[in-house]
Structures are given as structure tokens and as C-alpha cells.
Amino acid sequence: MLNTFQQAQHPMLPRASHDEASRQEFAKSLKQFVQQGLLPGLQPVFSQRAAKAFEQEHGRAPQDRREIRKVMEPDLYFQHYAALNRIAQELMWNSVIDSVERQLPALNEGAKAWSAKTQAQLRITPDFVPPRYVTALDIHCMPGGYASELSPGDISVAALYDRGAYLYGMGFAGPLNDDMGRSVCNYVQRKLPGFKPRRILDMGCTVGHSTLPYKTLFPDAEVWGIDVGGPVVRYAHARAAALGMDVNFAQMNAEATDFEDGYFDLIVSHILLHETSGKAMPRIVRECHRLLSPGGYVIHADLPPFDLMSPFTQFILDNETWYNNEPFWGAMREIDQIKLAVDAGFPADSVAFATAPMAILESSAEGAAGYTGDSTAAVADREFTAGEFAPGGGWEVLVARKAVQA
Ligand SMILES: C[S@@+](CC[C@H](N)C(=O)[O-])C[C@H]1O[C@@H](n2cnc3c(N)ncnc32)[C@H](O)[C@@H]1O
């Protein structure tokens, strides 16, 4: 059991009216019911009903996640689960849209005003074209995706993401939705003692949830967050300023950035890679190699590869591909990421997968920046369900180090 958190009410966050807050809380609770009430029923349905039907027809057990899907899809329990999961996801975003639309002109103005208060850079590229894998669909059913702009200077999709991501995480990512960044920071502190990066890049930063912990850990470092979405980097810049952090943000494609060779000592990303594509991923890994200084580290936190888990778990996780507009979710888990890194130039003995324990699980652990019980914090003791992203309570990280000498 652990505490979950209310979201911190920073100045850029859209405020919910009484009715909006009530709908949002309902959407969050519905998601929780699907995860904790319905999801556990799928295993017995599979082993006691669906797998037996498959065996009767084929004379053997289903062998992989595709065969499991074939036999589970017609099952009424599964259909009920999958439909409700999708409805909860759509309801979650819709419950936030009302708050964002009601306050939009003020939110856009607020972003400009906060951005004007910081020395940190905000770089928006005129006529920037985000890649098709970001714009072709509403990723995880989020209306507008990350890059839609309703008017010049618009930040609406970013405000939607900030609140929606909190509801999606059901309070498990901390008051500032920053558990991934904190967890990787803890990993860096423990595994790379003495490492003091002068410049840090967070690729695919969205609204900067995971970016800010790096500035906290390394206050003297020049920290950059980049993203292809204009609204999200604008919001990230304003949000950081509102939280009193000088962090630079830029609209850039991680496949080919404008930074010079060797500019960064540490490059990180958090759940970026599975939202790209089979062609983009190798380019991003190569770009990381180009951007790193000799001896610099890259750490990509993302979904664990499929070969680390059972076919049934693979089937469950792959539901995101099928029902949640996540086209690369399953395919990404089958890519040989170690080979990608080696092909990009990282020495083979420097590349490995590791686990970064979730900061939220180790508030009091030695050497870890966890969470403390402040006013925005603990609201309830709940059964811990890290779910798809962090099974077992840890974020999967791909770590590689650039050779010290070329
Ligand atoms: C799931 S979100 C990342 C969440 C964020 N890192 C965090 O920890 O809160 C994925 C982000 O990656 C961005 N993205 C996708 N492809 C990209 C690319 N080629 N370059 C930069 N950003 C990209 C998307 O626009 C989106 O904001």
C-alpha cells in the first residue's frame, strides 16, 4: 500500500469548477475500477475458459499474444473490460476539456506572462512540421494530440495533457507528475556517483513533468527540454517559470536537432520512444550519440521489451496498441534496442537495460529523492498498481555511454 497524491495547483494548471472536478474524479475512479476491479479477472477467464476452447479446437495451448487475442476477443468478459477501459480513457480527456476551454484565453495569456518572467530560453520554430507519427492520430485518444494549435500562441493541448496525465496516473506519479524524472535522477545519483553533467537534454519533454527534477538535482547545469509540439514546449516553459525553475525549452525533432556535436553530457527521455516509429527510433539513438560529449550518458526510460514477460502479459499490454491509439506500443517492444545503440556507435559493453525504482515507492529510502507528505500530497492509501509502464515498481531504462575517446 502507498499514498497517492493530489495534483499540485501550480499557476498554469487549468482550474476545475465544482462540477468539472467531480467529473474528473469520476473518470479517475472509473479507470481505477477497470484496473483493479476488472483487469484481474482476465487471467482466470483466459485459463479457465478461453484457453480451454482454443485447446479443444487446436489440440494445443495458445502460444503467443496473437493467439491469445484471437481466443479472448470473442469473450464477453474481455469485451466488457476492453470497452469500459476505452470509455474511461475518452471520459478522462473529455472531463478536462471543459476546464481548458472555459479558461483558454486566460491560460494562453498566462503562458506568455510567465514565460516573460524567466531568463531561460524558449525557442519556437516558425513553420516547423511535426512528424506524421505525432500528427496522424490522436495519440492515446487525447483530442488534438501534442501539436494542434487552435490559434497563434495556443497551449490548450498542453493544459489538457497536464491535468489528463495526472488523472491517467491516478495520482501515482506524484503532485507534479514527475515520478519518471525523479526515478531516473535517483538512478543517476546511485549508479553514477560523482557524475556532474554541465548540459542536460530531455527529449520528448511534453510539458516538462520529467525535465524539472534534473534541474533540481543539478542546479548549475544548463537543462533543455525539446519536443515537436509547439503548444507543449510553450506551456512547459511557462510552467517551469511558474514553479521557479530556469529550464530552457525548444520545439525540435529529436531525430535531428540544432545542437552542435558533443553539446550534452547527459541525454534522457521518458516514454518518448514508444510514441515514435520504426524509422524514427534509430535516428533518435544516432542523434543521441552525435549530441553526447565523450564519456556522456544517454538514458531512455520506456516500456520493457516483450521478451521479458509472459505471452499473457504481452497480450494485456498490447491492448494499448489495439484500443488506445498507440500504433507503435507493441512494435517498439520487439525492437532490439541494444543493437540500435551499438549500431549508433555506443560501445557494446556500455549498453544495457536496467531498472530505476519508482521514486514514489521509496520516499524514505537512503539516496533517493522521494515524496514527502505535504499539503498536496497523500490523499489515500491504495493498492499499488503500476500497470503497463512500471511493472514491479520500476521504470525500465536503456542506458548507454559514449566512448571516452573516439
Ligand atoms: C508520452 S509523451 C512524453 C512524456 C514526457 N517525457 C514526460 O515525462 O512527461 C511523448 C512526447 O514525445 C514527443 N515526441 C514524439 N516524437 C518526437 C520527436 N521525434 N522529437 C521530439 N519529441 C517527440 C511528443 O510530442 C510527446 O510530447
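Visitor: Which residue of β10 is the bridge partner of alanine 354?

Guide: This is a predicted model, in which local features need pLDDT of at least 70, side-chain atom pairs count only at pLDDT 80 or more, and totals for chains, interfaces and linings use all residues. Residues are numbered from 1 along each chain as its sequence is written, and side-chain values use heavy atoms, without hydrogens and water. Strands here are DSSP runs (E, at least two residues), numbered from the N terminus, and two of them pair if DSSP finds at least two bridges between them. Strand β8 (residues 352–357) pairs with β10 in the antiparallel sense over six bridges, and in β10 the partner of alanine 354 is valine 397.

Visitor: Which residue of β10 is the bridge partner of alanine 301?

Guide: Strand β7 (residues 292–302) runs antiparallel to β10, joined to it by six bridges. In β10, alanine 301 has as its bridge partner valine 397.

Visitor: How many residues of strand β10 are buried?

Guide: Buried means under 20% relative accessible area (1.4 Å probe, protein chains only). Strand β10 spans residues 394–401 and is mostly covered. Of its eight residues, the number buried is seven.

Visitor: What distance separates a polar side-chain atom of threonine 206 from an oxygen atom of the ligand?

Guide: Threonine 206 is among the closest of the 21 residues that surround the ligand, where near means a heavy atom within 4 Å. A polar contact is a pair of N or O atoms within 3.5 Å. For the polar side-chain atom of threonine 206 and the ligand oxygen, the distance is 2.8 Å.

Key. Polar contact = N/O pair within 3.5 Å; in protein donor to acceptor, adjacent residues only side chain to side chain. Buried < 20%, exposed > 50% of the residue type's maximum accessible area, 1.4 Å probe, protein only. Helix = DSSP H or I, 4+ residues; strand = E, 2+ residues; numbered from the N terminus.
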